[in-house]
Amino acid sequence: MSKAPRPADEVVFEAATNNEQAAFDALNEREKMVKGLAYLALEDRVLTLDRLKARTLCQQYNTHPFIDPSKLDSIGDFYGPDSRLQHLADLFEVSLEKVKTIGIEPPFYCDYGYNIEFKGGFYSNFGMVLLDCAKITFGKDVLCGPGVHIYTATHSVHIDERTAGYERAYPVEIGNDVWIGGGVKILGPTKIGNNCTIASGAVVKGDFPDNCIIGGVPARILKYLPVHGGPIAPNDKRLMTLLPGSDKSEALNDTKIAERK
C-alpha cells in the first residue's frame, strides 16, 4: 500500500528585519534572480529587454541559412557561415572563435544566454531548451541528444508567492564528458559529475557523482562506471563489435513481422 502524502508545511508570516529588508531592496531583479531569491521577472524592464534580445538572437540563429555546401572547405565550418555563428556569440556574450567550439542544431531556445557557460567543446542535437534564469554550466565535451531541456526557472509551491508574481531560479552544473540522452529534463538545483551518462527521458534533480549512469523518473543512479583512461585506441576491438544488448531487442520490427507471415 502506498503511503498517503504528508500534509504541506504551514506557512507562517514572519516580518523581515529592517536590515534584511534593506539588503533585499538594494538588489536589482537580476541580482535577486541569480542568487535564488524571489524576484519579479515580468515587471522588470531590464530583464524583459534581456529576454527579448535573447529571443531575437535565437530566432536569427534558428532561421539563418547554413553554409553553402559547395563552399564547405572544412568540416569545422559546418555550423557556419560566421554571420550565422555571430548570433550565438552575441547571445552567449563570447567571442566568435569560442562559439566555433560549440555545435548547436536548430531550433535552440533560451531565456537570457548570458547565464550559460561552456567550458569546452559542446554539441546539442535538435530542440534544446535552456531556461537560464540561474547559471547553467557545461563542462568540457558535453553531448546532448535531441529535445534536452534544462530548467533553472521555478516557482514556489506556496500560492501567495506565485500570485504576487514572484519567481525563483536555481543553478545547474554539468561535468566534463557527460552524455545527455534525448528528451532528458534537468531541474535546478542539480550538479552532474564528470563522465556520466543520463538515459533518455530521465527527469533529473539533485547531485550525482562522477562515473555513473543516471536514469528514470525521478532519476536515480542505475550503475557505476569504471574510471576511463582517455580516448579509446582506434584498433580496439570494441569499436568493431555491437554494444552489449544491442542485438536483443524484442521490438516487433519489419524483419520479425515478415518472419511471421
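Reader: What do E16 and E17 form, and how many residues lie between them?
Author: E16 and E17 form a hairpin with four residues between them. In the turn, Gly216 has a positive phi of about 105°. Helices (H or I, at least four residues) and strands (E, at least two) are DSSP runs, numbered from the N terminus. The model is predicted: local features need pLDDT of at least 70, side-chain atom pairs count only at pLDDT 80 or more, and totals for chains, interfaces and linings use all residues. Residues are numbered from 1 along each chain as its sequence is written, and side-chain values use heavy atoms, with hydrogens and water left out.

Reader: In which sense do E16 and E17 pair?
Author: E16 pairs with E17 (residues 220–224) in the antiparallel sense, over four bridges. Two strands pair if DSSP finds at least two bridges between them. Ile214 has Ile221 in E17 as its bridge partner.

Reader: Is the peptide bond from Val217 to Pro218 cis or trans?
Author: The bond from Val217 to Pro218 is cis, with omega near -5°. Pro218 lies in the loop between E16 and E17.

Reader: Where else is there a cis peptide bond?
Author: Another cis bond joins Pro106 and Pro107, with omega about 0°. Pro107 lies in the loop between E1 and E2. Most residues other than glycine have a negative phi, and most peptide bonds are trans.

Reader: In which sense do E1 and E4 pair?
Author: E1 pairs with E4 (residues 122–124) in the parallel sense, over three bridges. Gly103 has Tyr123 in E4 as its bridge partner.

Reader: And how do E14 and E16 pair?
Author: E14 (residues 197–198) and E16 (residues 212–215) pair in the parallel sense, over two bridges. Thr197 stands opposite Ile213 in E16.

Reader: Now the helices. At what angle do H3 and H4 cross?
Author: The axes of H3 (residues 45–63) and H4 (residues 82–92) come within 8 Å and cross at roughly 160°. That makes H3 roughly antiparallel to H4. Axes are lines fitted to C-alpha atoms, for helices over the stretch in contact, and angles run from 0 to 180 degrees between N-to-C directions. Angles under 35 degrees count as roughly parallel, over 145 as roughly antiparallel, 65 to 115 as roughly perpendicular and the rest as oblique.

Reader: Which residues meet there?
Author: From H3, Ala54, Leu57, Cys58, Gln60 and Tyr61 meet Arg84, His87, Leu88, Asp90 and Leu91 in H4.

Reader: Which residues of H4 are buried?
Author: They are Arg84, Leu85, His87, Leu88, Ala89, Leu91 and Phe92. These buried residues pack against H3, helix H5 (96–99), E1, strand E2 (108–110) and strand E3 (116–118). After H4 comes Glu93, with a positive phi near 55°.

Reader: Where is Leu40 found?
Author: Leu40 is in the loop between helix H2 (29–34) and H3. Leu40 is buried, with a relative accessible area of 17%. Beyond its neighbours within four places in sequence, Leu40 is in contact (heavy atoms within 4.5 Å) with Glu29, Leu47, Ala164, Gly165 and Tyr166.

Reader: How far apart are Leu40 and Arg168?
Author: They are 128 residues apart in sequence and 8.8 Å apart in space, C-alpha to C-alpha.

Terms used. Buried means under 20% relative accessible area, exposed over 50%, partly exposed in between (1.4 Å probe, protein chains only).
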